[in-house]
Amino acid sequence: MSEHGRRRRHRTVDRVVWILEAAARAPGGVTVAELARTVEAPASSVQDLVNGLVATGFLLEQHRRFRLGPAPHVLNLIADRVVPRISQAELDELSRVAGTPVLLTVRVGLDAVYLARGGEDEIPRLVPLADQHMARPLLRTAAGRLLLAFTDETERRGLLDELARHDPEAVAEFRCALPAIRASRISRSEGLADPEASALAIPVTDGPVVTGALALIHRRRGRSERLSLDRAAARLLAHIQEGRM
């Protein structure tokens with residue numbers, strides 16, 4: 001891929017994203033000074049970015065504190081297919097059918113982000129990752145690997161080029177696994193992100209488009225957990241195919 005086509009980070013774009021995330025995570029809003037510390041930039045530069053984000057509805061200002069505005073939600077409504085639509089009740093039902101916790105996951109740039117979970121996680125310290133929507137490296141999670149496998153080919157090449165700069169071994173392993181993931185529509189992680197966790201992911205689709213992934217999580221104990229996850233995935237896929245979601 002040419003230099004022009006590589007997916008490189010851009011400092012200003014990064015700062016805007018960090019500002020929006022910081023505002024989203026602060027119920028009472030954040031000040032410019034707090035944002036400047038978050039993005040490690042001069043307050044004057046951050047103020048300029050904040051002014052533009054307020055003017056376009058991405059941030060709202062109240063008493064010199066900034067919180068997330070309505071613009072991101074409006075963009076989702078316009079796109080209509082950006083975020084998979086599975087209610088909490090449906091996730092809880094999927095977890096009951098599978099017999100495991102179920103995490104609804106999407107790809108955000110080079111990360112996998114958990115949107116919601118169904119069921120009780122048997123590894124309690126992993127719960128905040130889902131409940132606080134923390135970013136996880138794509139190649140270190142079953143859901144991330146699945147989502148990357150079904151990303152548009154041109155986009156996937158760019159993402160892998162960028163990932164290879166930081167984790168070439170993981171990229172090489174993923175390239176080898178890619179045909180099998182696409183053929184089976186299943187991805188696995190055996191302790192990649194956490195040594196205690198064994199995970200399997202299946203796609204969430206809107207027509208032919210993969211819009212997200214459902215990750216099934218077990219405490220890692222050995223081969224028996226792989227078989228348990230296989231059976232759980234089979235139950236879940238049968239349930240979904242029967243249209244009972």
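Predicted model: local features only at pLDDT ≥ 70, side-chain atom pairs only at ≥ 80, totals over all residues.

Guide: Residues are numbered from 1 along each chain as its sequence is written, and side-chain values use heavy atoms, with hydrogens and water left out.

Visitor: How do you know that the reach of helix H8 is close to the expected one?
Guide: The expected span is 1.5 Å times one less than the number of residues; H8, residues 153–164, has twelve residues and reaches 16 Å from its first C-alpha to its last, close to the 16 Å expected.

Visitor: Why is Glu162 called buried?
Guide: Buried means under 20% relative accessible area, found with a 1.4 Å probe on protein chains only, and Glu162 counts as buried because its relative accessibility is 4%. Glu162 is found in helix H8, where Arg156 and Leu159 are among the other buried residues.

Visitor: What makes the pair Glu162 and Arg165 a polar contact?
Guide: A polar contact is a pair of N or O atoms within 3.5 Å, where within protein one must be able to donate a hydrogen and the other to accept it, and residues adjacent in sequence count only if both atoms are side-chain atoms. The side chains of Glu162 and Arg165 are joined at 3.0 Å, as a polar contact.

Visitor: Which residues lie nearest the centre of the second largest pocket?
Guide: Pro203, Val204, Thr205, Leu237 and Ile240 do, out of ten lining residues. Strand E7 (197–206) and helix H10 (223–241) each give two or more residues to that lining.

Methods: Helix = DSSP H or I, 4+ residues; strand = E, 2+ residues; numbered from the N terminus. Buried < 20%, exposed > 50% of the residue type's maximum accessible area, 1.4 Å probe, protein only. 1 Å grid on protein atoms, 1.4 Å probe; cavity = no way out; pocket = protein on both sides within 12 Å on 5 of 7 lines; lining within 4 Å.
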